[in-house]
Number of protein chains: 2
Amino acid sequence: MKSIFYSRFFILLPWVLIVIIVMDIDTKRSSVRSTAGSYLARLGDTQRRERPAHAAPAGANRTALPPPPPPPPLIYAVTPTYSRAVQKAELTRLANTFRQVPRFHWVVVEDAGARTELVARFLARCGVPYTHLHALTPRRFKRSGMPRATEQRNAALGWLRTHRATREPGVLFFADDDNTYSLELFEEMRSTRGVSVWPVGLVGGRRYERPIVENGKVVGWYTGWRADRPFAIDMAGFAVNLQVILANPRALFKRRGAKPGMQESDFLKQITKVEDLEPKAKNCTQVLVWHTRTEKVNLGNEPKRHQDSILIEV
Amino acid sequence: MKSIFYSRFFILLPWVLIVIIVMDIDTKRSSVRSTAGSYLARLGDTQRRERPAHAAPAGANRTALPPPPPPPPLIYAVTPTYSRAVQKAELTRLANTFRQVPRFHWVVVEDAGARTELVARFLARCGVPYTHLHALTPRRFKRSGMPRATEQRNAALGWLRTHRATREPGVLFFADDDNTYSLELFEEMRSTRGVSVWPVGLVGGRRYERPIVENGKVVGWYTGWRADRPFAIDMAGFAVNLQVILANPRALFKRRGAKPGMQESDFLKQITKVEDLEPKAKNCTQVLVWHTRTEKVNLGNEPKRHQDSILIEV
């Protein structure tokens, strides 16, 4: 009698242990997956470009099994950048933020005739999946009173239209290189079906600008500057579903007749209407991105001729 | 015969499975521990203050076993901060960086008569282990030409001396809230035995300043401003072992006779000598931190009276 009891006990005990261990692992994995999980996966692999967002199961005939749930949309953050003293610093703190965003692809577009060594080296080591493009702004557009980064944003749109298929779930966001981004912002924009909007801090001469929302629809704009703009919103205040970009192949940022501060409106009116905007960030009541500006660096003491004994990248 | 075989098989199989599963978990855990592991551990737990750096094995007599290897030193980053339009934005991008540094403790010191709601709420949610202090700068010191953040840095030194024991491995670093930090910087400073130094970008009117190193010793300073300073280095250019702070209980930042730009020298000469400095960042040839400055925000369009229908934190 005793021996039967013992043998059953020793047969059952390890199975119970296995069930407990497996349940424990599952709980831990799912709790970390959403935020830092993909960061971990990227750590070992320094140089990588695109990964296919998801492989369409073409050819395979799987009628018996239900299709797997689609992966969450990939966020394409487009960052125009140009050579200046603070460039590497700005890219460093952006990468420090973006590294923690799962399913993220950084499209960095240099205002240059060719990709620079500095940016190429930085991106290769930054731990964020990326694509490195370049587009030179013609000299006649490099004046104050002219909109900035037009050519670079259009180069990114062109890249998306050439390299991304209509079945890939994705969201496009214009992430200028000196703004400040919270991680929450990216989870808000990820569910964008058409064009989504949210408040932006420290912009337009005010503490914040925001779309005014009533019954889940945008009905106006809280702004301190040209409230008559069709979309009175900063470049950091909206995201667009990749399918909207692909379905409107001619939507671009314009040079002809473009004015600073009107780029967002000019672009958005090509792809959406105010009444179709999707309010994010708790009906546009939370500031999750800030239009910070970095001071131009004083290099007044920089020697005319190189004085240090070595060359150092800054 | 057959039944004996089966019973043994069913008794042994689950134990083998348990061993395999446990080995698998261990491998995975150790591979992520070094970088983002501690970030993961912090994710679930939003409000937390200090954790003891390591429990000294007092009382326990373990002569048979070798002592476990000591944990790597905890980095104490001291960030003075004050209320202004960009404060939350600056803290947000700092937290985005610090969240990825393992064994890190953020000492945030507000220039205020009491801890503010905004900073307290931010820290509670930021995912970085922290201590929240405050110290008010007397009004007579709030003028241009006066060194800044003296009281806040001294409050942090006081807290360390009161709350940290002489056996805890730690490293102190002064992390101003608008600088830009690479993750590599923290791994460089972690091995500081006395006082370590490295280059700082975008400071002193130059692209960078750096200690000049010969045969592993600091022999001078590459700087564009007052090269005659005993330690011609920015606040972001050095770290101090916690034991040095505890062994020099009277070392503080001075108000009496202090001049901007001399704070670093005044403080460092109380605790070290130039010839004892430990060069980091490949003998001070790499820029891993940048003295970026954020523009003051233009709030020219902010209405005198609150116009929005709700209150929004920025």
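Modeller: Start with Pro102(A). Its relative accessibility is 11%, so Pro102(A) counts as buried, the cut-off being under 20%. Keep in mind that this is a predicted model. Where does Pro102(A) sit? It is in a loop of chain A. That loop runs between helix H2 (87–98) and strand S2 (104–110). Asn283(A) is 181 residues apart from Pro102(A) in sequence. The C-alpha atoms of Pro102(A) and Asn283(A) are separated by 24 Å.

Next, the chain around this loop. Chain A has eight helices and twelve strands. It has 314 residues, and buried ones make up 51% of them. Pro102(A) is one of the buried residues. Consider the contacts in chain A with a separation of 6 or more. Of these, 75% join residues 24 or more positions apart. Chain A exposes about 15,600 Å². Carbon and sulfur atoms supply 56% of that area.

Chain B has a helix H2 as well, spanning residues 87–98. Lys88(B) lies in it. Is Lys88(B) buried or exposed? Its relative accessible area is 14%, under the 20% limit, so Lys88(B) is buried. What does Lys88(B) touch, leaving aside its neighbours within four places in sequence? Within chain B, its contacts are Leu118(B), Phe122(B), Glu313(B) and Val314(B). From chain A, Trp290(A) is in contact with Lys88(B).

Key. Residues numbered from 1 in each chain as written. Chains lettered and ligands numbered in written order. Predicted model: local features only at pLDDT ≥ 70, side-chain atom pairs only at ≥ 80, totals over all residues. Heavy atoms only, no water. Helix = DSSP H or I, 4+ residues; strand = E, 2+ residues; numbered from the N terminus. Buried < 20%, exposed > 50% of the residue type's maximum accessible area, 1.4 Å probe, protein only. Contact = heavy atoms within 4.5 Å. Areas by Shrake-Rupley, 256 points an atom, 1.4 Å probe, with all protein chains shown as cover.
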